[in-house]
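Please keep the sequence and the 3D view at hand while reading.

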Amino acid sequence: MFKTKYITTLLDSKWSVIKNGVIFKVIPRKDEYIYINDMYYQVLNVVHNLTIKHQILIIVEEYSQKNVMESINNQSVIK
């Protein structure tokens, strides 16, 4: 019946704006992946700012093959 759209802002881990005004039907959760501008991003955190207007900030990290290899290497060191 109602189609809610969430207008969000994508930030990197240093809180610098990557892209403003990104529209989502569903707010992504932590550790999910987003595909925007021919790149994948991993969601690190989602912040809801409720001061005057409900603002949603999504903190992301660029997802690359290097990140995957680092996480695999870290897991093998822990074992």
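## Overall make-up

Accessible areas come from the Shrake-Rupley method with a 1.4 Å probe, and for residues only the protein chains shown count as cover. By this method the chain exposes about 6500 Å², of which carbon and sulfur atoms supply 53%. This is a predicted model, in which local features need pLDDT of at least 70 and side-chain atom pairs count only at pLDDT 80 or more, while totals for chains, interfaces and linings use all residues. Residues are numbered from 1 along each chain as its sequence is written, and side-chain values use heavy atoms, with hydrogens and water left out.

The chain has one helix and five strands, where helices (H or I, at least four residues) and strands (E, at least two) are DSSP runs numbered from the N terminus. Their order from the N terminus is β-β-β-β-β-α. Of the 79 residues in the chain, 23% are buried; buried means under 20% relative accessible area, exposed over 50%, and partly exposed in between (1.4 Å probe, protein chains only).

## Nonpolar core

A nonpolar core is a set of buried Ala, Val, Leu, Ile, Met, Phe, Trp, Tyr and Cys residues joined through side-chain atoms within 4.5 Å. The largest one has 10 residues, among them Phe24, Ile34, Ile36 and Ile58. Elements giving two or more residues to this core are β2 (17-24), β3 (33-36), β4 (39-49) and β5. Strand β5 provides the largest share, three residues.

Contact means heavy atoms within 4.5 Å. Not counting residues up to four places away in sequence, Phe24 touches Thr4, Lys5, Tyr6, Thr8, Ile34, Ile36 and Ile58.

## Leu57 in strand β5

Leu57 belongs to strand β5 (residues 55-62) and counts as buried because its relative accessibility is 12%. Leaving aside neighbours within four places in sequence, its contacts are Thr9, Leu11, Trp15, Asn45, Val46 and Val47. Leu57 and Leu11 are 46 residues apart in sequence, yet 7.0 Å apart in space, C-alpha to C-alpha.

Tyr33, Tyr35, Tyr40 and Tyr63 make a nonpolar surface patch of about 450 Å². Tyr63 is in the loop between β5 and α1 (65-78). Tyr63 counts as partly exposed because its relative accessibility is 32%; for Tyr40 the value is 46%, so Tyr40 also counts as partly exposed.

How values were computed:
Patches are made of residues with over 30% relative accessible area and no salt bridge: like charges are joined within 9 Å, nonpolar side chains (Val, Leu, Ile, Met, Phe, Trp, Tyr) within 5 Å. A salt bridge is a side-chain nitrogen of Lys or Arg within 4 Å of a carboxyl oxygen of Asp or Glu.
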